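The sequence and the model come first, followed by notes grouped by topic.

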Amino acid sequence: MGKDLIIVESPAKVKTIKKFLGRNYMVHASVGHVRDLPKKDLGVDEEKNYKPKYQIIQGKQKVVSTLKEAAAKADHVFLAPDPDREGEAIAWHIAEIIKKENPNAKRIQFNEITARAVREALEHPKELNENLFDAQQARRILDRLVGYKLSPLLWNKVKRGISAGRVQSVALRLIVEREEERYAFTPEEYWLFKAEMEGELPPPFKATLHQIAGKKAVVPNEEAAIALQEAVLASKLQVEKVEEKKRSRQPLPPFITSTLQQAASQRHGYSAKRTMSIAQRLYEGVELGDKGTTALITYMRTDSVRIADDARDAAKELILSMYGEEYVPAKPRFFKTKSSAQDAHEAIRPVDASITPDSVKNLLPREQHALYSLIWSRFMASQMAAAQFHDTTVTIAANPSAATIKDADSLASTWRVKGERMLFPGFLAVSPQKTKEDSVELPKLEAGQDIRLLKLDKEQKFTQPPARFSEASLVREMEELGIGRPSTYAAIISTLLDRGYAQLEEKNFVPTDLGRVVCQQLVKHFSTLMDVRFTAQMETLLDNVAEGTLNWTQLMTDFMNDFNPTLEKAAEEMESVKQGLETDLTCSECGKPMMIKFGKAGTFLACSGYPDCKNTSNFTRDENGKVVLVERPKEELQKMGECPDCGKDLVLKRTRTGGRFIACTGYPECKHAKPFSTGIKCPRCNEGEIVEKSSRSGKIFYSCSRYPQCDYALWNYPVEEECPQCESKLLTIKTTKARGKHIACPEKTCRYTRSLEEDSE
């Protein structure tokens, strides 16, 4: 009797599964996809029902040979890639590749990599899901046709080498339109009031302005602010009413892909891509000392908040043992999954909740422990009792005397202060979101009681434009609009950044001029493709294919019948911008208009009189979107040592965008160059050094010299010193309007700061 073969996606899973299956099974990894459409040609026959031309991915020949050899020796083959559309496609392609060696291949799936889950899957193998494969195939071919047909058009009209994508182009539209909203925004003045008061008994308290003349408080200018200030100072303050009530705060559901990405971004500053990479390792298995390789979480690509009954029961037992019976809700908690969700898998949860974050803190790398703590705490909180609060809301009336204040009735105001007292912590005992609301300690106050005004503050404010998208808020927006799926969010974001259509500034998306132009051209000529509702509807249609209610070739035909004529029309009507975009700036050397050009290193300004005038410059945009010239930095000829290649002097120089680098004075004969190093070791990989770089817009930042192997980066100059409040190995020198230049921790969750003066004392 021969061995059975299990084929998984990643080598990490091989080690985890081998640990508990023993010698009766061979376990091999496909290392992701093994077949795909060709890179150098379309690979789709539109005349034959969009028949794809698949081929072995370059570099995967050895993997394929190993799988074939193993399949030939096996009695049965169990295909166990990830339990989603991509995993089904991988399984399908593997089955096609090995069918001559072993046609007896079955599909198995497990949401968690445990002995129980894997053995249960082996006991219930299934046939490959053709509908699910067709849904993935339709998405892949759809994206291939759009990309391959649109990209040459953009090469001809905008810039060679760029491309467009069906979903990411719509995501780009969200970023561009948000920036346009910011440019169009007109700030409105308003004044903020706060008052410090006291009753008959201590302590004093601060109240905020609630209403003026019985309506929502609006103080639009300084004149109105002064009038209100005088009226309040001339008023008798009295408690109007005291409202007391109990309030329950319910826990959030366990994580799905999008909410995990959002929480990891908000709490730890992790990108969506980084979050998924860490989660993948936790899912596949990590070394836990005596326990060996252990999977810690369930599958991390899901849009369902459903959890298994045994996981709910295990959580209940753990809550009873750790916190007591009062922390268990009266009824088990069930959360409703969105109707648009696929609900193929459980929510993201710990495989074994008894493995607490504290118990593995010294066994996991910092990033893995941080993410596991988030997942464990969110899951445990979701199964706990609600938190209970006692809320007190006090309304205080300030009624000026008509004898002293003109239009006294119109300046009568009410002020509010809210107090909160926690009665029972409930899920807040464990939840990582237990950022308690500001709890104000109030004295005993009753209706009709006189109040004394201690201090009245007023402050001029202006309304702010809508915030730029962060990775977290962009993922949330895409999820709410139905754009993309859990498995695609990270890839969409990475693509926008890699193509140079957007960049991150202080962790927020800013569209580049290239991204803005591409978006404008696509919106103008491909209105259907760029429509958010259409893109969301396409996701629903792909779901229909997966469910077997829609034929994938029919979906393709319907889409291409609209897309092909639109493409032909755009080829004739789309205006070329390859010569550049006009600006209001004039050339400092010849007086001709300056143009925005799209170069290999990003956008820049160039004289429209080229080649007669070769003047170029970097530029940025002000808060209104206006192009602003950036003065070229003066060359620094500071000697930095001897060139190791030719022996000539090395000097400190600057790029066109302002970043410093070290280069040989023998250029162009000697091309030796390297980034300017801070001399500080990268705290993440401990191999590279933190070097200075500049973004396409000229903003200086600091990143690991081993990029892209390590993507550690900072916007502020690093200081080689551990943070005294958290585990950060570095501090930074930061400059803000409020504090000027000071020392600050780069970790988003840590607020440690100190003045530079403290260092000089």
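Strands S23 (residues 616-621) and S24 are antiparallel and are joined by 4 bridges. The model is predicted. Within this pair, Thr620 stands opposite Val628 of S24.

**The sheet around S23 and S24**
- An open sheet is formed by 5 strands with antiparallel pairing, in the order S20-S21-S22-S23-S24.
- Strand S20 (581-586) and strand S24 (627-630) are the edge strands; each has a single partner strand, so one side of each has no neighbour in the sheet.
- From one strand to the next, the twist averages 45°.
- In a regular strand, side chains alternate between the two faces of the sheet.

**Helix against the sheet**
- Helix H14 (residues 513-525) lies across S20, strand S21 (593-599), strand S22 (602-607) and S23.
- The helix H14 runs at about 90° to S21.

**Strands S28, S29 and S30**
- Strand S28 (residues 673-681) pairs with strand S29 (residues 689-694) in the antiparallel sense, over 3 bridges.
- Lys681 has Glu689 in S29 as its bridge partner.
- S29 also pairs with strand S30 (residues 700-704), in the antiparallel sense and over 5 bridges.
- Lys693 has Phe701 in S30 as its bridge partner.

**Domains**
- The chain is divided into domain 1 (4-128), domain 2 (138-185 + 467-573), domain 3 (189-250 + 388-462), domain 4 (257-274 + 281-385), domain 5 (581-629) and domain 6 (639-755).
- Between domain 1 and domain 3, the C-alpha centres lie 64 Å apart.

Methods:
Residues are numbered from 1 along each chain as its sequence is written. This is a predicted model: local features need pLDDT of at least 70, side-chain atom pairs count only at pLDDT 80 or more; totals for chains, interfaces and linings use all residues. Side-chain values use heavy atoms; hydrogens and water are left out. Domain bounds come from an automatic or database domain assignment. Two strands pair if DSSP finds at least two bridges between them. Helices (H or I, at least four residues) and strands (E, at least two) are DSSP runs, numbered from the N terminus. Axes are lines fitted to C-alpha atoms, for helices over the stretch in contact, and angles run from 0 to 180 degrees between N-to-C directions. Contact means heavy atoms within 4.5 Å.
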